Amino acid sequence: MRPPLTPASPTPRSDGTAAVIGSGPNGLAAAVVLARAGLQVTVYEAAGQFGGGLRTVPLFEPDTVHDICAAGHPMAAASPFFQAFDLPAHGVRLLTPELSYAHPLAAGRAALAWRDLAATAAGLGADGPAWTRLMAPLMEHSRELVGLMLSDLRRPPADPALALLLAPRMLRHGTVLAHRQFRGEEAGALLSGVAAHAFGRLPSPTGGAIALLLGHLAHTSGWPVPEGGSAAIARALADDLGAHGGKIHTGVRIDDLREVRPAGIVLADLGPREFLRVAGPALPPRYAAALSAFRYGPAAAKTDFLLSERVPWTHPDLARAGTVHIGGTRAEVFAQETRNARGLASERPFVLVMDPVAADPGRGRPGRYPLWAYAHVPHGSPADASAEIIARIEEHAPGFRDTITAQRSLNAQQLEAYNPNYAGGDISAGAVTLRQSFLRPVARWDPYRTPLPGVYLCSAATPPGPGVHGMSGYLAARSALRRELGIRIPRLPVPHAG
C-alpha cells in the first residue's frame, strides 16, 4: 500500500487558493500536494509547454522525440514522493536497463555498472571486492540513505548506524584519499564519473555523497528512463492536478509577485535570481542580500542528435547502457572538473551521453535514433561544445560522426534562456557545494518559507537540491499547509529500492 499524499486530519479546507509559479517537477509536485489537500491551485508556466526539465519534443521529425533536458531518472525511481504518488498507477512505465551506466577507457576498455552488484564486481578485477565492500552496505541501508539525502537536510540521520556507514565512505571518496582507494583504473573511473554529477571541483564531499547515492542506486532501483520520454512524468502530475481541480496556464510569464498575490498561498518553483526578479522590491533587504549571495556553479552545453544507426561503440556493452560517462581515468575526471569549476574551458571536457533506446527501444526506429550529450563547461560559457562532444564520443566510437543525420546545440547561455532557473547554464540550479547543500538557498531553519506572508520557494535551489525527485516541491507544500492552514501531512516513508 502506497503512503498517502493527502492529510488524514484536520479536514482539508476547500475554500483556499494557491498559485504555483513554474511547472518543473518540483512545481508540479507542490501543486499536486496542495490540490489533494483541497486547495484551488493554479500553476503559471512561462514556456509554451509545462514540465520544466521534463519536456519531450520532436526536434527534427514528428516520429522521433527527444528529451530536452533530463532523460535518465534514478532519483524518480527512489524518491519518496514519487513512490507515494505511484507513477505506474498513473501510466508511467520506468524502463530500467540491465546496465545502469558505463565509463569507457582507452584501448577499448570500459567500466560497467550493472544492476547486478556481483556482475559489476566481476568486471572490476582486483578491485571487485573493494567495490562490493563499498556498495553492499549502502544497498542494505538504501531506505535510510535515500531518506536522508532526499530530505530537507535539517536533521541528523534517524539511525546512528547510517552516520557510521556514511562518514568513512565520504572521507575516503570525497577527499584526496579518493586517489588511493582502487588499484586499477576501472573502479576509480566508474565512481568518479558519478561524482562528476556534482558539477564542481573534485574530489569533494558533495561529489562523494552524490557518488554514494547514485552509485548504490545503480545496483538497486537502477537508472531508468520513462517509456516514451521524460514528459510522461510531467503529464502524470498534470493529469492528477487536473483531476483534483487544478489548472495549468502555459505561456504566462510572471514578472511581479503581485500578479499572483490574490492567492492565499504562493509557491515559487524559481531559483534565487528569478525570485528576486519577481519579488525583489517586496523582500526585506537582509533576505534579498542573502539570495543575491547564492552561488551558481559550472554549466552544461548540450547537443541533441538524430542518428542513422546506434552509436558504434568499440566496447559492445556500452550500447546496453542508458548513460555513458566519458572522462577518462579518475585523475583525468578530477582534473577536468576542477579546471572547469575554476572557469577554464577544456578541449576534452567531461561528457555525459544519454541513449534512451538502450532501455526503451520504441524510442528509435530503423535509420532514426535519438541521442543527446552534454559537456561540462564554465559558468555562462557562450561556446558551442558540439565539436568537443562529437570528438569525445569518437574516441570510443569511431565512425560516430558519420551516423549523425541532424543535430541541435545549446550553449550554457541558451540553456538559461530555455529555463531561467539554469542561471548561466547551471542545470543544478545552484552550486552543489557543502555549504549550499545544507544552507540552500539561505541560512533558515525552514528553507522553503520566505519572509513574505504565504510565499514559499520550492525549486531545486531548496533542499534536497537538483534531480527529478519532486521532494523540494513536496516539502515546500508540506511546510505551507502546516504553517498557513494547520494541515499536517505525515512524513513520507521510503520504500525499499530494488
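Predicted model: local features only at pLDDT ≥ 70, side-chain atom pairs only at ≥ 80, totals over all residues.
Residues are numbered from 1 along each chain as its sequence is written, and side-chain values use heavy atoms, with hydrogens and water left out.

**View A. Helix H8 packs against helix H9.**
Helices (H or I, at least four residues) and strands (E, at least two) are DSSP runs numbered from the N terminus. Look for H8 at residues 185–195 and H9 at residues 205–217. Their axes sit 7 Å apart, at an angle of about 105°, so H8 and H9 are roughly perpendicular to each other. (An axis is a line fitted to C-alpha atoms, for helices over the stretch in contact, and angles run from 0 to 180 degrees between N-to-C directions.) On the H8 side, Leu-191, Val-194 and Ala-195 make the contact, and H9 answers with Gly-207, Ile-210, Ala-211, Leu-214 and Gly-215. Contact here means heavy atoms within 4.5 Å. Sorted by class, that gives six nonpolar residues, two polar and no charged. (Ala, Val, Leu, Ile, Met, Phe, Trp, Tyr, Cys and Pro count as nonpolar, Asp, Glu, Lys and Arg as charged, and the others, Gly among them, as polar.)

**View B. Helix H7 crosses helix H9.**
H7 covers residues 160–173, and its axis comes within 8 Å of the H9 axis, crossing at roughly 120°. That angle is why H7 and H9 are called oblique to each other. From H7, Leu-166, Arg-169, Met-170 and His-173 join in, and from H9, Pro-205, Gly-208, Ala-209 and Leu-212. This contact has five nonpolar, two polar and one charged residues.

**View C. The largest cavity has H8, H9 and H13 in its lining.**
On a 1 Å grid over the protein atoms alone, a cavity is a set of points where a 1.4 Å probe fits but cannot get out, while a pocket is an open set with protein on both sides within 12 Å along at least five of seven lines; lining residues have an atom within 4 Å of a point. Grid points are joined across faces, edges and corners, and a volume is the space filled by probe spheres set on the points. The structure holds two cavities of 30 Å³ or more, and the largest has a volume of about 70 Å³. Of its 13 lining residues, His-173, Ala-178, Leu-191, Ser-192 and Phe-334 lie nearest the centre. H8 gives the largest share, four residues. The lining splits into six nonpolar, six polar and one charged.

Helices H6 (142–149) and H18 (471–485) each give two or more residues to the lining. In total, the lining has 13 nonpolar, two polar and seven charged residues.

Terms used
Parallel < 35°, antiparallel > 145°, perpendicular 65-115°, else oblique.
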